[in-house]
Amino acid sequence: MSRTQRQRAWGYFGAYAFWIFMTLLTLIPIWWMLVVSMRTRVELFGRPNLMLSRIYLENYSNVLTDSTFQRYMTNSLVVSTANALLVMILALLATYALSRYKLAGRDNIFFWLITNRMAPPAAFLLPLYIMFTRTFRIGNWTLFDTQLGLILLYCVFNLPFAIWLLKGVVDGIPIELDDAAMIDGAGLWGVLRHVIIPLAAPGLAVTGILSWIFAWNEYLFAANLTSVVARTITTALAEFVTVTGTNWGELAAMSMVTLVPSAIIVIFAQRYIVMGLTFGAVKE
Amino acid sequence: MKRCFTIVLLIAFALVANMSLVSADDAWWAEAAAPYAGSTIRGVSESTPPSNYVADVLAAQFTELTGIHVEFETTSWDQMYSKAINDMEANTGIYDFVYIEQDIIYSYLAQDYLVNLTQFAADNAALAAADYDESAFTSFADYFKNADGDLFGVPMEAFVKVYLYRKDLFEDADIMAAFEAEYGYPLAPAETFEQYADNAMFFTAYGESMDMDLWGTTVQGSTGHPASTYEFLESIGPSFGLYNWGINLDAGSAQSANGGALDGETAVEALSFWLSMLPYAPPEATSSTWDEVASSFAAGRAAQGWVYGENAAWIATDESRSAVTGNVGVRLPVTAPGVIEAAQMGEGYIGYYDGGAFGIPHSSRNKEATLLWLQFIGQPSVQAEWAAVGARITHTATFDDPLIAEQDAKVDGYYTLLEEQGPLFAGAPPFPFHAQVREIIDPFIQRAILGELTPAEALSQAAMAVDEELARLGYGM
Amino acid sequence: MRNPRVGWALLSPTLVILLIFGFAPFLYVLFVGFNQWNVFSAADGLVFNGLDNFRRLVFDDDFLHSVGLTARFAIFAIGSEVVLGFVLAQMLTRDFPGRSLFRIIHTFPLMVAPIAVGAIWRLLVIPGFGPVPFFLDRWLDLTYQIGTYPDQALMTSVLMDIWHWTPFVTLTMLAGLSSIPREPVEQAKVDGANRLQVFWYVTLPFLRPVLLTTIFIRIMDAIRTVDEVWMLAGGGPGTRFTGIYIWRVVFPRTDYGYGSSISLITLYLTIVLCWLLFIAISGRRKGEVE
């Protein structure tokens with residue numbers, strides 16, 4: 001008995017040692033980002049000091065008071081959130097269709113979906129640019145430099161990913177539950193609402209978080225397909241690298257600031273994952 | 001009534017002139033711009049201090065005067081290029097004016113992307129501002145002209161790569177004595193390559209012996225960026241007498257056997273010298289692009305080096321960014337014997353006259369309003385303050401402005417050097433395939449930096465690869 | 001009972017968006033890939049040249065080299081991420097004090113934009129201001145310069161990728177683990193299976209679709225990687241991966257024809273690779289069900 005207790009104690013100790021080690025590894029680059037964001041440009045060079053020597057906030061105030069920064073931030077929030085919601089809805093419908101209906105060429109469609117994410121983006125920028133500026137043009141309005149353009153475009157890499165991730169989750173929900181609900185008189189929407197969504201909630205939450213993060217972090221398309229109005233925050237990060245010196249301090253400060261919305265979203269969505277995990281335990 | 005109005009206007013002018021804002025004829029601007037008031041013109045540029053000054057200050061002044069809105073997109077170097085080229089190639093007309101870095105102008109001209117500004121102003125006499133004069137620009141503007149001397153871009157920034165050295169080190173009595181004891185001649189800013197190498201060796205050893213983070217030279221040797229190729233082809237090469245990247249445009253070849261010079265003796269000598277400086281450069285040299293070289297020097301990590309002039313001003317004066325303020329010496333870059341003389345006679349050049357201009361793409365839908373805007377930023381009256389902020393000078397008259405004279409003293413005469421010796425420098429070779437061929441040369445220079453190839457091997461392979469690409473592009477033999 | 005038309009209706013918005021924004025550009029690239037087209041060449045516009053671009057590609061040392069580098073990068077990075085991510089996810093399913101804190105901390109790297117990840121790792125590893133080369137030199141007397149040693153540049157990008165993307169694997173694994181019903185696991189334990197057997201015969205088969213998706217996504221993204229490595233090392237020796245090589249051909253060289261054909265081949269190779277994986281894994285699953 002004391003042996004198992006000792007074993008358990010060692011197990012706890014080992015687990016915590018592991019976690020603390022991993023946490024340190026995870027946090028060092030972020031810590032360094034914080035340190036850099038609180039240094040002046042002169043202080044960056046020379047013998048590296050891993051500690052914060054003082055609280056210096058000018059980089060932050062420069063970034064936060066910039067009106068274009070506020071616009072970029074709003075654009076990023078709107079684009080990522082709208083894209084994540086759109087992706088979650090469309091992916092759930094598509095996954096349900098692929099999982100429950102006998103569609104001709106189902107496996108091929110399923111695989112084709114994911115190939116959309118495989119394309120190396122560089123060569124696709126030109127056709128997308130032409131499409132955004134010429135094909136989708138109504139009078140003076142074009143899809144170029146609009147939030148809508150990015151919201152739709154980001155589906156190209158987020159939707160396939162979401163469908164693939166959800167497929168495993170929805171496939172794991174016993175079809176008998178659908179049938180039972182249908183026998184109880186539920187229609188398609190009823191089944192989705194009362195069976196699929198609750199059971200797929202943790203998977204759906206993870207899908208949503210990751211789609212949101214992918215959209216929030218995207219750079220290449222945003223940089224090339226927007227100009228002034230719909231620019232996102234990642235494109236602003238690249239602006240700090242200039243011919244007359246990279247403003248590392250402000251770059252780091254802005255990176256830290258961009259972490260905040262993601263952190264809030266993730267912490268909020270974690271609840272659903274936790275709920276889902278415990279739910280799985282009760283599910284039996 | 002009318003006279004009264006004129007007097008009011010005159011007073012207003014005087015006030016405006018006193019406020020050192022825009023001294024030109026405000027009424028003229030408003031009148032000329034009347035048909036376009038309320039419209040919006042869009043431009044794209046790299047986010048540099050001169051560009052940001054245009055975006056933040058000049059654009060607002062212009063809008064106030066004319067009612068024309070200026071939407072200015074500042075972005076990174078790569079993005080600026082790809083967006084401008086996409087726009088012009090696809091003829092979408094998103095941008096009414098684009099930043100043209102000097103070295104890309106001939107490519108743009110070859111593709112007929114740009115509006116001939118001289119011609120366009122002549123055709124639209126109502127739009128020609130009295131205060132704007134093409135001949136007021138420095139010799140830098142010559143590198144934005146076609147064969148007929150017509151201008152295609154309004155210069156907005158210009159600089160040369162100079163030799164920077166640390167005065168506090170070069171003028172320290174102990175250091176001077178130590179140097180003389182070791183090398184047998186007095187320590188001084190380098191004028192020959194031998195002297196440059198001696199200085200580099202000496203200060204690297206000195207830094208090591210004093211346990212200081214100090215090295216003898218800078219090298220813009222990034223192995224992941226075209227900056228290294230640029231330093232070699234545009235600065236080191238010409239100072240040895242290797243011109244136009246060693247490419248003979250008439251023969252369509254870079255190989256010596258066909259009239260090129262990229263694999264010739266001069267080129268090999270230049271590359272060997274430059275690479276021999278790597279051990280005396282700070283360890284970040286192989287990751288350094290232009291801005292990082294400037295940052296290294298500003299951090300006091302190099303005793304001398306080749307640094308772009310737009311950085312000289314902040315390195316010498318801005319204490320928030322530089323640890324060597326007040327100690328920066330500026331000289332012409334080191335050259336091989338005979339190179340300066342050849343440049344003076346117009347048979348060569350000693351380095352790259354770098355910078356950029358704003359031009360109007362043919363695809364623009366607001367050419368008239370944009371012409372007004374470009375003339376506005378090309379006026380002599382807006383230059384001095386802009387120059388003080390961005391360390392860029394494009395007008396000969398700006399050199400005499402008190403604001404610049406004051407700065408000039410702090411930067412050890414950089415502006416005087418630019419004024420007097422500017423013509424020794426030249427724009428990039430007039431190739432219609434600038435970035436294409438540079439991309440071909442890049443990997444070979446990078447592999448030479450890594451030591452995977454000897455200078456001779458790297459250059460002979462590069463010359464062969466260039467010839468292949470020239471043939472593919474239709475400019476070859 | 002289940003009308004396929006309803007299924008198609010549910011699927012259609014997805015298909016429409018992907019056809020417009022994914023497939024249409026693909027057709028364009030496919031077309032350009034069979035042409036000689038450099039914006040800055042002496043010739044005007046596109047010139048059909050059949051398979052010349054593809055012939056050129058087979059002898060393009062830079063391209064082949066980039067494929068080799070990308071393969072090494074992907075194998076090292078993804079291998080480590082999957083193992084590490086699975087271990088972390090498995091540990092996070094157990095209940096222990098501080099679990100949610102750890103989970104949130106371990107999601108942090110994912111939230112940093114790739115551009116910023118590249119920048120911050122550059123700040124960590126460039127001599128002059130980076131602590132990594134400084135302390136390696138001081139404590140272990142090791143020279144660490146990613147600009148000078150291509151292998152170090154490659155390993156740094158691998159480490160950076162592991163740091164950045166392991167949380168992604170952890171999260172997807174968590175989603176997968178959460179959907180495993182308890183019943184079979186308990187049943188197996190009752191039947192006397194040890195931990196390894198439970199893992200191998202119960203957990204893994206359930207996890208397979210999610211695992212497959214995760215590996216797929218990581219392979220694709222690793223092959224397409226541009227932003228992070230671009231910021232870190234600019235795609236110099238050791239980091240000139242295929243994604244970056246394509247970017248350089250398409251953009252500064254403006255060789256759209258050749259760039260498109262490289263993209264097509266890369267896309268093709270990725271599809272074949274993933275298809276084989278798909279067959280291998282889903283085939284085995286079918287075999288087991290039967």
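Strand E4 of chain B, residues 154-166, is mostly covered, with 13 of its 13 residues buried. A residue is called buried if 20 or more other C-beta atoms lie within 10 Å of its own, exposed if 12 or fewer do, and partly exposed in between, with C-beta atoms placed from the backbone. Strands here are DSSP runs of E with at least two residues, helices are DSSP runs of H or I with at least four residues, and both are numbered from the N terminus. The model is a predicted one, in which local features need pLDDT of at least 70 and side-chain atom pairs count only at pLDDT 80 or more, while totals for chains, interfaces and linings use all residues. Residues are numbered from 1 along each chain as its sequence is written, and chains are lettered from A and ligands numbered from 1 in the order in which they are written.

Which strands pair with E4(B)? Two strands pair if DSSP finds at least two bridges between them. E4(B) pairs with strand E7 of chain B, residues 353-359, in the antiparallel sense over six bridges. In that pairing, B:Pro155 stands opposite B:Ala357 of E7(B). Strand E5 of chain B, residues 304-308, runs antiparallel to E4(B) and is joined to it by five bridges. Strand E6 of chain B, residues 328-331, is also antiparallel to E4(B), and four bridges join them. B:Tyr163 has B:Trp306 as its bridge partner in E5(B) and B:Arg331 as its bridge partner in E6(B). As background, side chains in a regular strand alternate between the two faces of the sheet.

The next topic is how chain B is divided. Domain 1 of chain B covers 18-158 and 355-424, and domain 2 covers 160-351 and 429-473; such bounds come from an automatic or database domain assignment. The centres of the two domains of chain B, taken over C-alpha atoms, are 30 Å apart. Domain 1 of chain B puts 18 residues into the contact and domain 2 of chain B puts in 23. Two residues are in contact if their C-beta atoms, placed from the backbone, lie within 7 Å. On the side of domain 1 of chain B that touches domain 2, the elements giving two or more residues are helix H5 (105-110), helix H17 (402-410) and helix H18 (414-421) of chain B. H18(B) has the largest share of that side, four residues. By class, the side has nine nonpolar, five polar and four charged residues. Here Ala, Val, Leu, Ile, Met, Phe, Trp, Tyr, Cys and Pro count as nonpolar, Asp, Glu, Lys and Arg as charged, and the others, Gly among them, as polar.

Chain A is divided as well, into domain 1 (1-56) and domain 2 (64-283). The centres of these two domains of chain A lie 31 Å apart, taken over C-alpha atoms. Eight residues from domain 1 of chain A and six residues from domain 2 of chain A make up the contact. On the domain 1 side, these residues divide into four nonpolar, two polar and two charged.

Chain C has 13 helices and two strands. Its C-alpha atoms fill a box of roughly 75 × 70 × 30 Å along the principal axes. Of the 290 residues of chain C, 50% count as buried. Among contacts in chain C between residues at least 6 apart in sequence, 69% join residues at least 24 apart.

How many residues do chain A and chain C bring to their contact? Chain A gives 85 residues and chain C gives 84. Several helices of chain A give two or more residues to this side, including H1 (2-37), H3 (67-100) and H11 (248-283). H11(A) gives the most, with 18 residues. The chain A side has 62 nonpolar, 15 polar and eight charged residues. Chain B also touches chain C, with 29 residues of chain B in contact with 26 residues of chain C. H19(B) supplies the largest share of the chain B side, seven residues. That side has ten nonpolar, 13 polar and six charged residues.

Last comes the interior. A nonpolar core is a set of buried Ala, Val, Leu, Ile, Met, Phe, Trp, Tyr and Cys residues joined through C-beta atoms within 7 Å. The largest nonpolar core has 327 residues, and those with the most contacts inside it are B:Ala312 and B:Trp373. H6(A) provides the largest share of this core, 16 residues. Not counting residues up to four places away in sequence, B:Trp373 touches B:Ile41, B:Phe62, B:Ile68, B:Val70 and B:Phe97.
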